[in-house]
Amino acid sequence: MATVNHNLSDYDKTTIPNAKDFRFGIVVSEWNDTITEGLWQGAFDALLDCGAIKQNIVRWNVPGAFELTYGAARMSKSIYADSGMLDAIIVIGCVIQGETKHFDFVCEGVTQGIKDLNVKGDIPVIFCVLTDNTMQQSIDRSGGIHGNKGTEAAIAAIKMAALRRDTV
């Protein structure tokens with residue numbers, strides 16, 4: 001979703017299912033942690049604002065964005081998932097364009113990996129990975145002038161958890 005003229009933190013709470021009965025997993029990349037911590041906070045706050053219970057939010061950290069797919073895959077097969085404790089997983093990361101093709105490979109790998117988890121798995125995995133050209137663009141989207149993509153991901157997670165529940 002384009003961020004021009006759109007605040008990522010805006011949502012109409014009346015159109016979102018109450019999250020009190022849902023459990024969420026969040027996998028957070030430690031790379032570019034000033035950004036990913038802002039995204040985490042946006043997601044966490046939005047989940048709580050929409051009724052989620054703090055104890056029903058599980059956080060795992062991974063070293064970088066590329067490791068998000070493995071983290072989400074393991075989380076979807078963990079004791080949390082086996083006991084029916086997860087209704088959606090959010091992956092949070094930030095990849096900033098550099099001087100080499102590394103950016104392209106990481107972005108492509110993470111995107112395809114998360115897509116594969118959604119196609120093959122039973123738990124929706126929400127993509128909250130910033131792929132910006134500059135650090136300032138990431139700042140602007142992790143609590144800055146464009147709001148917080150983490151908030152937007154949390155709202156998507158709630159809606160997908162409800163879809164999962166209603167179609168089982």
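Ser 142 touches Ile 35, Gly 38, Leu 39, Leu 130, Gly 147 and Asn 148, leaving out residues up to four places away in sequence. Contact here means heavy atoms within 4.5 Å. This is a predicted model, where local features need pLDDT of at least 70, side-chain atom pairs count only at pLDDT 80 or more, and totals for chains, interfaces and linings use all residues. Residues are numbered from 1 along each chain as its sequence is written, and side-chain values use heavy atoms, with hydrogens and water left out.

Stay with Ser 142. It sits in strand β5, residues 142-144. Helices (H or I, at least four residues) and strands (E, at least two) are DSSP runs, numbered from the N terminus. Ser 142 counts as buried because its relative accessibility is 11%. The classes are buried, under 20% relative accessible area; exposed, over 50%; and partly exposed in between, with a 1.4 Å probe and protein chains only. The Ser 142 side chain also reaches the backbone oxygen of Ser 138, at 2.9 Å.

Apart from neighbours within four places in sequence, Ile 53 is in contact with Lys 20 and Leu 48. Glu 67 is 14 residues from Ile 53 along the chain, and the two C-alpha atoms are separated by 27 Å.

Now turn to His 102. UniProt lists this residue for "active site", in an unreviewed entry. UniProt positions are given in the numbering used here, feature names are shortened, and annotations may be inferred rather than shown by experiment. In the model, His 102 belongs to helix α4, residues 102-120. Is His 102 buried or exposed? It counts as exposed because its relative accessibility is 54%.

How many disulfides does a search of the whole structure find? The search finds zero. A disulfide is a pair of cysteine sulfur atoms within 2.5 Å. Cys 50 is in no disulfide, and the nearest cysteine sulfur, that of Cys 128, is 15 Å away. With a relative accessible area of 6%, Cys 50 is buried. Cys 107 is in no disulfide either; the nearest cysteine sulfur belongs to Cys 94, 9.3 Å away. Cys 107 counts as buried, at 13% relative accessibility.

Note on methods. Polar contact = N/O pair within 3.5 Å; in protein donor to acceptor, adjacent residues only side chain to side chain.
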